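These are my notebook entries on one protein model. I set down what I looked up, entry by entry.

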Amino acid sequence: MSERPDGRPVDGETALALRGVVKTFRQGERSLEILRGAELELKAGELAALVGPSGAGKSTLLHIAGLLERPDAGEVHLAGQRADNLSDGRRTAIRGSQIGFVYQYHHLLPEFTALENLMVPQRIAGLSRRQARARAGELLRSVGLGERLEHRPGRLSGGEQQRVAIARAIVNRPRVLLADEPTGNLDPETAEGVFKMLVGLVRATGLAALVATHNLELARRMDRVVALSDGRLVPQ
């Protein structure tokens with residue numbers, strides 16, 4: 001995959017591809033086929049909504065795309081390279097460098113400040129404390145949290161906590177952002193602000209984002225919508 005001078009992927013090139021992904025869960029003697037040959041190509045710079053009823057398998061699909069689970073069949077490709085069949089160690093390394101995750105609940109470390117929450121994944125990735133602190137501060141200021149750098153999560157509003165969580169997800173400059181109901185716990189006004197921030201970050205960084213949501217109004221404002229139906233992804 002080509003990159004910009006700043007290391008970001010070039011808009012329009014494939015960042016994530018799911019090819020014939022199958023996933024089955026077993027409950028006693030029963031088998032429940034959640035994914036039945038799911039196919040998806042997500043381009044750099046693209047923001048796609050993933051919709052479907054509860055229990056359809058949206059979270060399972062995100063976990064497979066993010067290399068947290070292995071498919072029973074099919075392939076997951078990141079930046080043109082197959083990744084689902086790699087060792088656990090290699091998949092963990094790829095998650096840390098190429099994939100960002102955002103969940104409905106922020107999952108911030110409560111004993112750390114907003115700044116420190118963004119420094120942790122950078123330090124794990126090998127950056128110096130000085131580099132991590134500078135990058136964390138820059139990113140938090142860019143999402144309107146310049147006055148909250150030293151606040152712990154308990155002193156932040158729900159919307160501010162989710163802004164920190166989104167900033168943390170992209171602090172290591174991933175190629176792909178996977179978000180599971182990122183505005184689901186927020187009131188409509190706060191959700192709107194967080195959504196606009198998310199769109200702005202995707203546009204500014206050129207990463208590819210797949211966002212699972214029940215909010216059809218927000219879904220229609222993304223670049224495209226795919227629905228998970230009967231185990232397959234269907235364009236809307």
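**Entry 1: helix α2.** I looked up what covers the buried residues of α2, and found that the cover includes β4 (73-78) and β6. Contact here means heavy atoms within 4.5 Å. Helices (H or I, at least four residues) and strands (E, at least two) are DSSP runs, numbered from the N terminus. Helix α2 spans residues 88-98, and its buried residues are Arg91, Ile94 and Arg95. These three lie on the same side of α2, because they cover an arc of only 100° around the axis. The arc is that of the directions from the helix axis to the C-beta atoms. I take buried as under 20% relative accessible area, exposed as over 50% and partly exposed as in between, with a 1.4 Å probe and protein chains only.

**Entry 2: conventions.** I note that this is a predicted model, in which local features need pLDDT of at least 70 and side-chain atom pairs count only at pLDDT 80 or more, while totals for chains, interfaces and linings use all residues. Residues are numbered from 1 along each chain as its sequence is written, and side-chain values use heavy atoms, with hydrogens and water left out.

**Entry 3: the largest pocket.** I looked up the volume of the largest pocket and found about 480 Å³. Its lining has 24 residues, and the closest to the pocket centre are Arg95, Gly96, Ile99, Pro121 and Arg168. The elements that give two or more residues to this lining are α2, β6, α3 (114-124) and α5 (158-170). By class, I recorded 14 nonpolar, eight polar and two charged residues in the lining of the largest pocket. For the classes, Ala, Val, Leu, Ile, Met, Phe, Trp, Tyr, Cys and Pro count as nonpolar, Asp, Glu, Lys and Arg as charged, and the others, Gly among them, as polar.
The search uses a 1 Å grid over the protein atoms alone: a cavity is a set of points where a 1.4 Å probe fits but cannot get out, a pocket is an open set with protein on both sides within 12 Å along at least five of seven lines, and lining residues have an atom within 4 Å of a point. Grid points are joined across faces, edges and corners, and a volume is the space filled by probe spheres set on the points.

**Entry 4: cavities.** How many cavities of 30 Å³ or more does the structure hold? I found two. The largest cavity has about 50 Å³ of space. Its lining includes Pro182, Phe195 and Met222. Helix α6 (residues 188-205) gives the largest share of this lining, three residues. I counted the lining of the largest cavity by class as seven nonpolar, two polar and no charged residues.
The second largest cavity has a volume of about 30 Å³. Among the residues that line this second cavity are His63, Val102 and Asp180. Strand β7 supplies the largest share of the lining, three residues.

**Entry 5: valine 102.** Valine 102 is placed in strand β6. Is valine 102 buried or exposed? I recorded valine 102 as buried, because its relative accessibility is 3%. Leaving aside neighbours within four places in sequence, valine 102 is in contact with residues including Ala165, Leu177 and Pro182.

**Entry 6: nonpolar cores.** A nonpolar core is a set of buried Ala, Val, Leu, Ile, Met, Phe, Trp, Tyr and Cys residues joined through side-chain atoms within 4.5 Å. I found 43 residues in the largest core, where Leu118, Leu140, Val164 and Leu177 have the most contacts. Helix α6 gives the most to this core, with eight residues. Apart from it lies another core of 30 residues, among them Val21, Leu78, Ile99 and Ala208.

Entry 7: I looked up lysine 23 in strand β1 (residues 14-27). Lysine 23 counts as buried, because its relative accessibility is 11%. Among the residues that lysine 23 touches, not counting those up to four places away in sequence, are Glu33, Glu69 and Asp72. The C-alpha atoms of lysine 23 and alanine 73 are separated by 7.1 Å, although the two are 50 residues apart along the chain.
Glutamate 46 is found in the loop between β2 (30-43) and β3 (47-51). Glutamate 46 is also buried, with a relative accessible area of 12%. Beyond its neighbours within four places in sequence, glutamate 46 is in contact with residues including Glu41, Asp223 and Arg224.
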